[in-house]
Amino acid sequence: MKYEVLKRSYVKRNIIIAIVIVLVLSAIILTFTRAKYRTTQSMPLLNGTINYTLADLNIVAMYLDGSEIDTLPDGNYELTSESYCTNEENVKDDSITLNYDGSTNTFTVAPFNKKGTKCYLYFDEKASGGDYILAGDNPPTNSTTDWTGGTSYYYTGNPNNWVQFGGFWWRIIRINGDGSIRMIYQGTSANTTGTGTQIGTSEFNSSYNKSYYVGLVYALNQHGSGQPSTIMNTLNTWYNNNLASYEADYIDTGAGFCSDRNLQSGSWSAAVSHNYAAYGRLYNKGSESASLQCSNVDILSQDNGRLPNPIGLVTADEAALAGVTWNNQKESYLNTGQTYWTMSPFDFFSGYADVFSVTLNGILASGVVDWTVPGVRPVINLKADTPILSGDGSSETPFVITE
């Protein structure tokens with residue numbers, strides 16, 4: 001009898017030990033199972049949640065410029081409209097939206113709520129900014145040859161030429177003949193008039209009694225460029241504080257600006273009265289004589305060493321082509337209700353150096369270079385290969401250059 005009692009006690013103990021082992025193993029399995037599901041993506045459904053791993057999405061093939069590739073491309077590329085996905089029945093699913101960000105090499109699919117989704121991806125290099133604009137709904141409507149020898153496409157009137165870049169709003173003046181994009185500062189919002197369209201006011205130059213003071217940069221000769229004018233110093237300070245960090249990737253340092261200091265006629269003298277070439281083209285005239293040509297000696301850029309930074313002002317000829325002329329007030333995006341400087345010399349008369357300005361009435365006029373009232377509106381050039389991320393150029397959806 002004693003033996004039977006001991007035997008039953010032994011069996012009971014073994015059963016308890018077995019139960020404990022089963023419970024421990026169950027806890028371990030459950031823990032690992034739950035850990036596995038933490039690495040999957042959860043998607044809410046009508047009757048609960050099903051977890052799909054990224055392996056359930058099958059990228060069947062990727063193509064770049066017609067050739068199959070094995071990895072997502074980096075940089076200036078975008079998905080084309082040929083890209084699509086199919087469902088588990090291998091039928092094209094138009095409800096699926098594909099997005100790709102080349103700057104971060106990120107690809108997204110939405111909605112991704114079914115196993116067996118298969119995607120076919122086609123990539124193309126993004127169009128340059130100029131090509132994007134010219135192929136869009138709001139391209140420039142006019143063109144002429146500029147000093148690069150190429151065709152420059154320019155805006156006039158009150159167009160949809162709005163741009164967001166570097167934390168500021170701009171208006172496109174023209175797509176230059178080399179493909180770079182020239183823009184004028186418009187402010188920190190989509191305002192069209194008022195002092196907010198300029199970075200402040202400034203003299204063009206603090207001295208006025210020699211003709212070379214009409215230069216954005218100048219020296220003691222007709223086409224000199226060693227000394228920055230007062231307004232050039234203002235532009236440099238603003239550029240260094242606001243745009244210098246964008247230069248390497250976006251800003252064209254060689255496109256340049258025209259400071260046309262050729263004469264209408266006669267010979268140059270620092271102290272003898274004379275009219276400059278832009279005076280002959282634009283004084284008391286409309287836009288029919290305006291020109292985007294420029295002699296090499298007066299093309300100012302950072303690359304040719306004549307500008308400390310790749311920033312300048314609008315020219316009087318560009319203003320005239322946009323609708324701001326000497327003798328006729330027309331609707332123009334360059335009319336801001338404020339007087340501001342251009343960079344085009346007007347004349348040197350009776351000891352006073354004069355430069356063209358755009359007046360608050362939206363016409364061209366001249367002003368003595370030490371006049372403190374006119375505003376300063378920076379102009380820059382974006383590189384020809386700068387991609388436009390989004391937008392159609394309207395003030396509601398401007399062309400967006402940077403995030």
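**Entry 1: Asp 146 and Arg 174**

I began with Asp 146, which forms a salt bridge with Arg 174. The closest N and O atoms of the two are 3.1 Å apart. I keep in mind that this is a predicted model. Next I asked where the two residues sit in the chain. Asp 146 is in the loop between strand E10 (142-145) and strand E11 (151-154). Arg 174 belongs to strand E13, and the pair links distant parts of the chain, 28 residues apart. Are they buried or exposed? Asp 146 is buried, and Arg 174 is buried as well.

I then looked for further partners. Asp 146 and Arg 174 are linked with Arg 182 and Glu 318 in a network of salt bridges.

**Entry 2: other salt bridges**

How many salt bridges are there by this rule? I note six. Side chains of opposite charge can pair when their charged atoms come close.

I looked up Arg 261 and found its side chain in a salt bridge with that of Asp 298, at 3.0 Å from N to O. Arg 261 lies in the loop between strand E17 (257-258) and E18. Asp 298 lies in the loop between helix H5 (277-282) and strand E19 (299-300), so the pair ties together parts 37 residues apart in sequence. Both Arg 261 and Asp 298 are buried.

Arg 281 came next. Its salt bridge is with Asp 317, and the closest N and O atoms are 2.9 Å apart. Arg 281 is in helix H5 and Asp 317 is in helix H6 (residues 316-321), so this pair ties together parts 36 residues apart in sequence. I checked burial against the cut-off, which is under 20% relative accessible area. Arg 281 has 16%, so I log this residue as buried. Asp 317 has 4% relative accessibility and also counts as buried.

**Entry 3: helix H3**

I tested the length of helix H3 (residues 230-242). Its 13 residues, at 1.5 Å a residue, should span 18 Å. The end C-alpha atoms are 19 Å apart, which agrees.

Which residues of H3 are buried? I list Ile 231, Met 232, Leu 235, Asn 236, Trp 238 and Tyr 239. I then looked at what covers these buried residues. The cover includes strands E13 (168-175), E14 (181-187), E15 (217-218) and E16 (227-228), along with helix H4 (247-250) and E20.

**Entry 4: the sheet with E20**

I followed E20 into an open sheet of four strands, in the order E18-E20-E21-E22, with antiparallel pairing. Strand E18 (274-275) and strand E22 (364-368) are the edge strands, and each pairs on one side only. Six bridges join E20 (residues 340-349) to E21 (residues 352-358). I picked out Pro 345, whose bridge partner in E21 is Val 355.

**Entry 5: nonpolar cores**

The largest nonpolar core has 69 residues. Among those with the most contacts inside it are Phe 165, Trp 170, Met 183 and Leu 313. I looked up what Leu 313 touches, leaving out residues up to four places away in sequence. Its contacts include Ile 231 and Leu 235, both of which are buried residues of H3. Trp 341, Thr 342 and Met 343 are also among the contacts of Leu 313.

I found a second, separate core of 14 residues. Met 62, Leu 64, Phe 112 and Cys 119 are among them.

**Entry 6: Ser 128**

Last, I looked up Ser 128, in the loop between strand E9 (117-125) and helix H2 (129-134). Its relative accessibility is 18%, so Ser 128 counts as buried. Which residues does Ser 128 touch, not counting those up to four places away in sequence? They are Ala 384, Asp 385 and Thr 386.

Definitions and conventions
Residues numbered from 1 in each chain as written. Predicted model: local features only at pLDDT ≥ 70, side-chain atom pairs only at ≥ 80, totals over all residues. Heavy atoms only, no water. Pairing = 2+ DSSP bridges. Expected span 1.5 Å × (residues − 1). Buried < 20%, exposed > 50% of the residue type's maximum accessible area, 1.4 Å probe, protein only. Contact = heavy atoms within 4.5 Å. Salt bridge = Lys/Arg side-chain N within 4 Å of Asp/Glu carboxyl O. Core = buried A, V, L, I, M, F, W, Y, C linked by side-chain atoms within 4.5 Å.
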